[in-house]
Amino acid sequence: MWWSDQRSTGDGLARLAAALSLAACVGGCFQPLYGDRSLDGGAGPSLRSALASVDVKQIQAPKGNDEARLAVEIRNALLIDLTGGGAAARPAYSLVIRMSSTAADIIVDTTTTRPAIEDYGINATYTLTEIASSKQVVTGQTFARVSYDIPGQEQRFARMRGLRDAESRAARVIADNIRARLSSYFAAGT
């Protein structure tokens with residue numbers, strides 16, 4: 001009986017040693033995406049400086065409505081994400097974004113036929129163009145859908161505030177999605 005206990009302990013130690021040696025071998029393959037290391041492993045630019053070289057163009061939206069405010073919010077979030085809040089580098093890429101928004105009733109009160117929960121969404125298409133060659137290097141689409149509660153007829157300002165918060169959350173998701181896609185493009189070695 002004591003022999004089987006020693007054998008299971010020995011097997012466990014052998015498995016642990018194998019797992020640790022495998023982790024040591026594979027551990028050198030990974031590197032942080034947003035680190036200050038160069039993209040090619042040499043003296044080239046880092047991901048941070050590559051992202052800072054993206055010129056985010058003004059997002060076209062009709063003036064005086066919520067989409068114009070959201071266009072500014074998405075652009076500002078991207079500028080902060082790409083430059084880290086610092087000064088932008090000399091632009092090597094140009095980013096053009098087009099957006100549209102949607103709203104839909106999700107749950108409707110059957111007695112009053114008023115919506116109780118609404119869904120707000122933003123659809124965006126983006127194109128990253130290399131300025132030197134005028135070549136489109138990244139094109140894509142992204143979207144964000146967020147829902148918000150409508151507390152009732154008596155609280156119309158709460159509904160407006162809920163919509164505003166949903167719009168801001170959706171704009172943040174759009175900016176994060178675009179930044180992640182650009183980061184993967186630059187990290188892949190362009």
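Biologist: How many bridges join β2 to β3, and do they run parallel or antiparallel?
Modeller: This is a predicted model. Ser94 stands opposite Thr129 in β3. β2 and β3 are joined by 15 bridges, and the sense is antiparallel.

Biologist: Which residue takes a positive phi in the hairpin of β3 and β4?
Modeller: β3 and β4 pair antiparallel over 14 bridges. Glu130 has its bridge partner in β4, Lys135. Four residues lie between the strands, and the one with a positive phi, near 55 degrees, is Ser134.

Biologist: Which element gives the most to the largest nonpolar core?
Modeller: That core has 35 residues, and Leu95, Ile122, Leu128 and Phe186 touch the most other members. Elements giving two or more residues include α3 (66-83), β2 (93-108) and α4 (156-187). With nine residues, the top contributor is α4.

Biologist: Which residues are linked with Arg172 in a network of salt bridges?
Modeller: Arg172 and Asp176 meet at 2.6 Å, N to O. They also sit four residues apart in α4. The network links Arg172 with Asp81, Asp176 and Arg179.

Technical notes: Residues are numbered from 1 along each chain as its sequence is written. This is a predicted model: local features need pLDDT of at least 70, side-chain atom pairs count only at pLDDT 80 or more; totals for chains, interfaces and linings use all residues. Side-chain values use heavy atoms; hydrogens and water are left out. A nonpolar core is a set of buried Ala, Val, Leu, Ile, Met, Phe, Trp, Tyr and Cys residues joined through side-chain atoms within 4.5 Å. Buried means under 20% relative accessible area, exposed over 50%, partly exposed in between (1.4 Å probe, protein chains only). Two strands pair if DSSP finds at least two bridges between them. A salt bridge is a side-chain nitrogen of Lys or Arg within 4 Å of a carboxyl oxygen of Asp or Glu.
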